[in-house]
Amino acid sequence: MLYQLALRNIWRNRRRTLLTLSAMIISSALLILALGIFSGMLRDMLASATEQYYGHLVISAKGYQDDRDMFRHFSMDKSIENVLKQDEITGYSQRLRSFGLLSHQQNSSPGEILGILPSQEQTVTGLQDSLIDGHYLTADDSNGAVLGSGLAQRLNVVPGDQLVFVTQAADGSIGNDLLLVRGIFSTGDIGYDNTLVLVPLAWLQQLLVLPGQIHEIAVKTDQPLNAAALAEQYRVNLPDALEILDWGEMLPQMREVVASYAVSRMIIVTILYLATGLGILNTFFMAVMERTRELGVLMALGMRPGQIRTMIMLETAIMGSLGLLCGAVVGIALSLYMALVGVDLSGTLTPITYAGGTILPRLHAVIEPANILIPSVCLLIVSLLAGFLPANRAAKMQPVVAIRDAI
Amino acid sequence: MIFLSLLKILFLILIFLSGSVSSSLAVDLRELIRAVEQQYTGQSSISEVEMTVVTGHWERHLKMESWSLGRERFLIRILAPIKERGVATLKVENEVWNYLPKVDRVIRIPPSMMGGAWMGSHITNDDLVKANHIDQDYNFTLLEETNESWRIEGIPKPDAPVIWGKIIYQIFKEQLVPSQIDYFDEEGILVRQILFDDVQTVSGRTIPLKMTVVPLEKPKEKTVMHYRKLQFDVDLKKDFFSLGNLKGRR
């Protein structure tokens, strides 16, 4: 009975209902979009720090990441392969690293050489998407090189040119060989653009006289913000001589940036929730408030205060859920647009490199369930509260006083 | 009165003498260090050296021949092992080039790599370039004098482009040959020692033929250079030290 009454009440004053609903839809949709953009910025920054180079987790010999000592190498074995089979792992890349001198004609420059398997590396880092010239290494390439734009400029090379790399091999001899420039990438991070060179793993293993050896395995997971817990979980299954580090341990500044970002995000989100919540509270509150007289009549006809409260709560619950449903749909649609298209600000802003991550000049949203569920639940509670307060007030009045109550 | 003026003159003479003594000593020290730093090169030289490099991971023996002219020109080429035969380094003034026969390329060492190891040893490219200028870039004082030897301290001149914070030489008085050189970094920590051994007289000069470089932060490592043949004041022209000759095509 009450349920039908509530439905009829909603239907009766369409203008009021539509007004209340639209307030709900617009505020919740904008809140969902704003949360999506905040998450997108955080993910962009984290991605630039981890997906240009480090990956989310790195497996290496104990101490290797501290001094990058060439002799702290290892080879793939069964136990490592088993760890890499976990569901959360979306990709991994075996790497061998060397530091040495690169030269082309009269120009020479120090550089960091990363021996990789192209098919694996692409599952961890996104350098193949940052190419500005030439193409990425292919699986059958024996002596190709893909290098950063700053380094290419200093050496004055374009795709097709030859490069010499010289370094000290693991047997003490002077390792030197020719590379062919295949592609040039530009990440916006000066550190990588000015020093990094990708070469085939087998080429570097031969040059360094380290057959079958690697220095690290970079791992990408589907839970970057949960990387520390995953590292903890995998650690027990790895050989004793190896260690596994998450991005927070390799980029401690980045971890602090993420933590401080989380705090500032929370402050802004709280303000957003308050603003949206108050808007909805206001609309719902007034909508019930103006019906004090009507509620007085209902009580005069014999409706008990408890029934009044339940009826209003039913009304607000129905309207709130409907509004939030529509709001979530609109919010997801807006977020989807921002996720797929985004807003490019590169005309007015340049990329900022900070704490190992690069903030790209674009607005880009991501869709996370928490960004839709949490605001929905919060706003529903707010709207129920907004309905309950005036209903409670009316229910406590004498019917005569309520009927006389003029707005 | 006369006595007093005599005293004054005596005093002045004393001051003059002590001044001239200390200044002449300073010049001597500078000359001495110059002679020590150039003991293997002289005006010009041709030599054959065996170099042994020991690290915690490997041990290598290289045989090399080298040519030098004055302070500024220097060419060294590896003769053995076969894998690295023909690898050569040319220094002309402040520039260093390496030649790599495997890829047939000459590579100029950029300033940022001057601190890097030369041929995998504990000698840096900077040592090749700057060692010959030590007598010009440092001020020297005599720390200690015994019957056999001098201990001489070198402190860099205020604006000299040097890598060491302090150098201490131990030099045998009689033969004028060094026994040990200690290198300190800017914080005053001893980081490297060069020990000299096997003193012999070669083409009229008395020099230690064996030189051991010990990096103190890596206790197990060392580089030993042993001169096998040494010839001074040979007929070498400036154009011998060319990029063409670096490649070994004469």
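Colleague: Which residue just after α12(A) takes a positive phi?

Modeller: That's G302(A), with a phi of about 115°. Keep in mind that this is a predicted model, where local features need pLDDT of at least 70, side-chain atom pairs count only at pLDDT 80 or more, and totals for chains, interfaces and linings use all residues. As for labels, residues are numbered from 1 along each chain as its sequence is written, while chains are lettered from A and ligands numbered from 1 in the order in which they are written.

Colleague: Ok, and which residues of α12(A) are buried?

Modeller: The helix covers residues 292-300, and T292(A), L295(A), G296(A), L298(A) and M299(A) are buried. Buried means 20 or more other C-beta atoms within 10 Å of the residue's own, exposed means 12 or fewer, and partly exposed is in between, with C-beta atoms placed from the backbone. Helices here are DSSP runs of H or I with at least four residues, strands are runs of E with at least two, and both are numbered from the N terminus.

Colleague: Where do those buried residues sit, seen down the axis of α12(A)?

Modeller: They fall within an arc of 160°, so they line one face of the helix. The arc is that of the directions from the helix axis to the C-beta atoms.

Colleague: What do they pack against?

Modeller: Four helices of chain A: α11 (252-289), α13 (305-340), α14 (369-396) and α15 (399-404).

Colleague: New topic. Where is A170(A) found?

Modeller: Look in the loop between β6 (162-168) and β7 (174-185) of chain A. A170(A) is partly exposed, because 19 other C-beta atoms lie within 10 Å.

Colleague: What is A170(A) in contact with, leaving aside neighbours within four places in sequence?

Modeller: In chain A there are M70(A), F71(A), L208(A), V209(A) and L210(A), and from chain B there's H57(B). A contact means that the C-beta atoms, placed from the backbone, lie within 7 Å.

Colleague: How many residues of chain B are in contact with chain A?

Modeller: 20 residues of chain B, and they touch 18 residues of chain A. On the chain B side, the largest share, 3 residues, comes from strand β6 (residues 105-108). That side divides into 10 nonpolar, 4 polar and 6 charged residues.

Colleague: Zooming out, what is the radius of gyration of chain A?

Modeller: Chain A has 30 Å, whereas a compact globule of 407 residues would be near 22 Å. The radius is taken over C-alpha atoms, and the globule rule is 2.2 Å times the number of residues to the power 0.38. Along the principal axes, the C-alpha atoms fill a box of roughly 100 × 50 × 30 Å.

Colleague: Which domains does chain A have?

Modeller: The assignment gives domain 1 (2-49 + 255-404) and domain 2 (63-240); bounds like these come from an automatic or database domain assignment. Their C-alpha centres lie 48 Å apart.

Colleague: Back to chain B. In which sense do β11(B) and β12(B) pair?

Modeller: Antiparallel, over 10 bridges, with β11 at residues 190-202 and β12 at 205-215. Two strands pair if DSSP finds at least two bridges between them. D197(B) stands opposite K210(B) in β12(B).

Colleague: How many residues lie between the strands of that hairpin of β11(B) and β12(B)?

Modeller: There are 2, and S203(B) takes a positive phi near 30° in this hairpin. β12(B) is also joined by 4 bridges to the antiparallel strand β13 (residues 222-232) of chain B. The β12(B) and β13(B) hairpin has 6 residues between its strands.

Key:
Two residues are in contact if their C-beta atoms, placed from the backbone, lie within 7 Å. Ala, Val, Leu, Ile, Met, Phe, Trp, Tyr, Cys and Pro count as nonpolar, Asp, Glu, Lys and Arg as charged, and the others, Gly among them, as polar.
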